[in-house]
Amino acid sequence: MRPATSESTRRGQGLLRGARANSTEEAIRLTQEFNVHFVKEPQHFLVADSSGDSRVVEFIDGAIRITPAESRWQVCTNHCLWNRSEADNDGECDRYQSGSEAAENLPANISSAQAKSAIRSMYVDDWMMWTSTYKLTSGCLLYTSPSPPD
């Protein structure tokens, strides 16, 4: 990451809010190009592209840590994935395990209702900040909400 300036930090925050990259690799490169500031660490987000390539990007102890998908799906919950196995993640976070099981059972072409059902399996009242699910081949938003899915 570059040395912090108010402009580069502001631009880095904007990057996370809506910049479009042509690939997951480009999104990762852009993330590393800007200063991204979170009030509390660790923080994370998931990026994916239409090829199915996805990565969870985590900011841990001031460093960017990137975890690539190891299967056709990737789950990002409120715990760190960096340098942990699938079994470790399942054992450390019930929400991750629920989401992994739900994702494993989803068809390749999911509906909005199926996306909501998978998200519902991970939801805990007053814990989940927000979530978004997109159809990667079209960019169509399937579901987004700061509250539990109906």
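**Exercise 1.** Find which element gives the most to the lining of the second largest pocket, keeping in mind that this model is predicted.

*Solution.* Start with the element itself: β3 gives the most, with three residues in the lining. Next, look at the space, which comes to about 200 Å³ in the second largest pocket. Of the 17 residues that line this pocket, the closest to its centre are T67, P68, E70, E86 and Y96. Now sort by element: those that give two or more residues to the lining are β3 (63-68) and α3. Finally, sort by class, and you get eight nonpolar, six polar and three charged residues.

**Exercise 2.** Work out where R55 sits, and whether R55 is buried or exposed.

*Solution.* Then check its relative accessible area, which is 15%. Buried means under 20%, so R55 counts as buried. Last, look at the neighbours: leaving aside residues up to four places away in sequence, R55 touches T24, E25, I28, F45, L46, V47, I66, T67, P68 and Q74.

**Exercise 3.** Explain why the buried residues of α4 line one face of the helix.

*Solution.* Begin by listing them: in helix α4 (residues 94-104), the buried residues are R95, Y96, G99, S100, A102 and A103. Now look down the axis of α4: these buried residues fall within an arc of 165°, so they line one face. To finish, ask what covers them; the answer includes α3 (86-92) and α5 (112-120).

Methods:
Residues are numbered from 1 along each chain as its sequence is written. This is a predicted model: local features need pLDDT of at least 70, side-chain atom pairs count only at pLDDT 80 or more; totals for chains, interfaces and linings use all residues. Side-chain values use heavy atoms; hydrogens and water are left out. Buried means under 20% relative accessible area, exposed over 50%, partly exposed in between (1.4 Å probe, protein chains only). Helices (H or I, at least four residues) and strands (E, at least two) are DSSP runs, numbered from the N terminus. The arc is that of the directions from the helix axis to the C-beta atoms. Contact means heavy atoms within 4.5 Å. On a 1 Å grid over the protein atoms alone, a cavity is a set of points where a 1.4 Å probe fits but cannot get out, and a pocket is an open set with protein on both sides within 12 Å along at least five of seven lines; lining residues have an atom within 4 Å of a point. Grid points are joined across faces, edges and corners, and a volume is the space filled by probe spheres set on the points. Ala, Val, Leu, Ile, Met, Phe, Trp, Tyr, Cys and Pro count as nonpolar, Asp, Glu, Lys and Arg as charged, and the others, Gly among them, as polar.
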